[in-house]
Amino acid sequence: ALAFPGVPLGTIINLVEMNEWLAEEGFDTAVAVAATDAPVPTIVVSSPSSSGGRTRSDDCVVDEEVVKRTEEGLKSWVRRVLVELKICPFTKSDRMSGQGLADLGVPVGSIAYRFSGAASDDIP
């Protein structure tokens, strides 16, 4: 899940709709869903091959290949949507974010990618 504190929910929904459009245009995309009931605007991203009937994370044995494919898909989405389409002017690569904000006291930081086997009902 990608959380976007301070970003309007409408913007999150637009990002998800752009991802759907990219998929319709034949781009290899991850599945992205806006978590409209989350306390912070959030996009839940999953592999296109993952099923809706996943087991809960505490019962789940995660295949390392699934973790790798999911991380690669998410990085690809960040590159295409946030960097190449310039949706986020402060994200210049799939590794670093916050570029151009130093004068506001925001340091450049690494983008962290973490896989979770949690089902969507596990998200608070």
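Tutor: A pocket, as the word is used here, is an open set of grid points with protein on both sides within 12 Å along at least five of seven lines. In general, rolling a probe the size of a water molecule over the atoms shows where empty space is left. The model before you is predicted, and its second largest pocket has a volume of about 460 Å³.

Let us begin with the lining. It is formed by 19 residues, and those nearest the centre of the pocket are Phe 4, Leu 82, Cys 88, Thr 91 and Ser 97. Sorted by class, the lining comprises 15 nonpolar and four polar residues, with no charged residues. At least two lining residues come from each of β1 (2-3), α1 (9-24) and α2 (64-84).

Those elements belong to a chain of two helices and five strands, arranged along the sequence as β-α-β-β-α-β-β.

Cys 88 counts as partly exposed because its relative accessibility is 22%, and the buried class requires a value under 20%. Between Cys 88 and Gly 98 there are 9.4 Å from C-alpha to C-alpha, for a separation of ten residues in sequence.

In soluble globular proteins, nonpolar side chains tend to be buried together. This core has 17 residues, and Leu 2, Ile 43, Val 45, Leu 74, Trp 77 and Val 81 have the most contacts inside it. Two or more core residues are given by each of α1, β2 (31-35), β3 (42-46) and α2. The largest share, five residues, is that of α2. Val 81 illustrates the packing: beyond its neighbours within four places in sequence, it is in contact with Leu 15, Met 18, Leu 22, Lys 86 and Ile 87. Over the whole chain of 124 residues, 31% are buried.

The mean pLDDT of the chain is 76, with 77% of the residues at 70 or more. Of the elements, β1 has the lowest mean, 74, while strand β5 (residues 109-110) has the highest, 86. Over residues 50-59 the pLDDT stays under 50, and the model has 13 contacts beyond four places in sequence for them.

Definitions and conventions. Residues are numbered from 1 along each chain as its sequence is written. This is a predicted model: local features need pLDDT of at least 70, side-chain atom pairs count only at pLDDT 80 or more; totals for chains, interfaces and linings use all residues. Side-chain values use heavy atoms; hydrogens and water are left out. On a 1 Å grid over the protein atoms alone, a cavity is a set of points where a 1.4 Å probe fits but cannot get out, and a pocket is an open set with protein on both sides within 12 Å along at least five of seven lines; lining residues have an atom within 4 Å of a point. Grid points are joined across faces, edges and corners, and a volume is the space filled by probe spheres set on the points. Helices (H or I, at least four residues) and strands (E, at least two) are DSSP runs, numbered from the N terminus. Ala, Val, Leu, Ile, Met, Phe, Trp, Tyr, Cys and Pro count as nonpolar, Asp, Glu, Lys and Arg as charged, and the others, Gly among them, as polar. A nonpolar core is a set of buried Ala, Val, Leu, Ile, Met, Phe, Trp, Tyr and Cys residues joined through side-chain atoms within 4.5 Å. Buried means under 20% relative accessible area, exposed over 50%, partly exposed in between (1.4 Å probe, protein chains only). Contact means heavy atoms within 4.5 Å. pLDDT is the predictor's confidence in each residue, from 0 to 100.
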